[in-house]
Amino acid sequence: MVDFVLVGALVSLVFMAVIQLALVLHVRNTLIDAAATGARYGTLADRSPEDGIRRTSELIHASLGAEYAGDITSAEQTAGDARLLEITVRAPLPVIGLIGPDGGIEVAGHAAWR
């Protein structure tokens, strides 16, 4: 009986850790995709970097919530002869469920600018 309780508690703890890791990876991948999509949107001929930031914010707000779309910035970079638009997102790192410290994750999306 005691062995079952000890092993059951350990298995439950490992299971919850795997679920939390999957949640962290989901949040990270969603933020990366939103940043890259916003960067591509901001480099369209009739758009500006501010439009890319707005699009990134809309995507994050729709998929993760408003608290994850609070700190989004854009910057112009160069790589060789190419101009790039970089959109950076800083969001909370989900430590317990979706709760976590602000600025725990920083991701960036890039797109070539003409």
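In what order do the three strands of the open sheet lie? The order is 1-2-3, and the pairing is antiparallel. Keep in mind that this is a predicted model, where local features need pLDDT of at least 70, side-chain atom pairs count only at pLDDT 80 or more, and totals for chains, interfaces and linings use all residues. Residues are numbered from 1 along each chain as its sequence is written, and side-chain values use heavy atoms, with hydrogens and water left out.

A quick word on terms: strands (E, at least two residues) and helices (H or I, at least four) are DSSP runs numbered from the N terminus, and two strands pair if DSSP finds at least two bridges between them. Strand 1 (71–79) and strand 3 (105–113) sit at the edges with a single partner strand each, so one side of each has no neighbour in the sheet. From one strand to the next, the twist averages 25 degrees.

Now zoom in on strand 1 and strand 2 (residues 82–91), which are joined by nine bridges. Threonine 78 stands opposite arginine 83, while aspartate 71 has arginine 90 as its bridge partner. The two strands make a hairpin with two residues between them, and glycine 80 in the turn has a positive phi of about 70 degrees.

Next come the helices, where contact means heavy atoms within 4.5 Å, and angles run from 0 to 180 degrees between N-to-C directions of lines fitted to C-alpha atoms, for helices over the stretch in contact. Helix 2 (residues 49–63) packs on the sheet and touches strand 1, strand 2 and strand 3; its direction makes about 135 degrees with that of strand 1.

What about charges? The structure holds six salt bridges, each a side-chain nitrogen of Lys or Arg within 4 Å of a carboxyl oxygen of Asp or Glu. One of them links aspartate 51 to arginine 54, at 2.3 Å from N to O. These two are three residues apart in helix 2, so about one helical turn separates them. Aspartate 51 counts as buried, at 15% relative accessibility, whereas arginine 54 is partly exposed at 46% (buried means under 20% relative accessible area, exposed over 50%, partly exposed in between, with a 1.4 Å probe and protein chains only).

Also in helix 2, glutamate 58 and arginine 55 lie three residues apart, about one turn of the helix, and form a salt bridge with their closest N and O atoms 3.7 Å apart.
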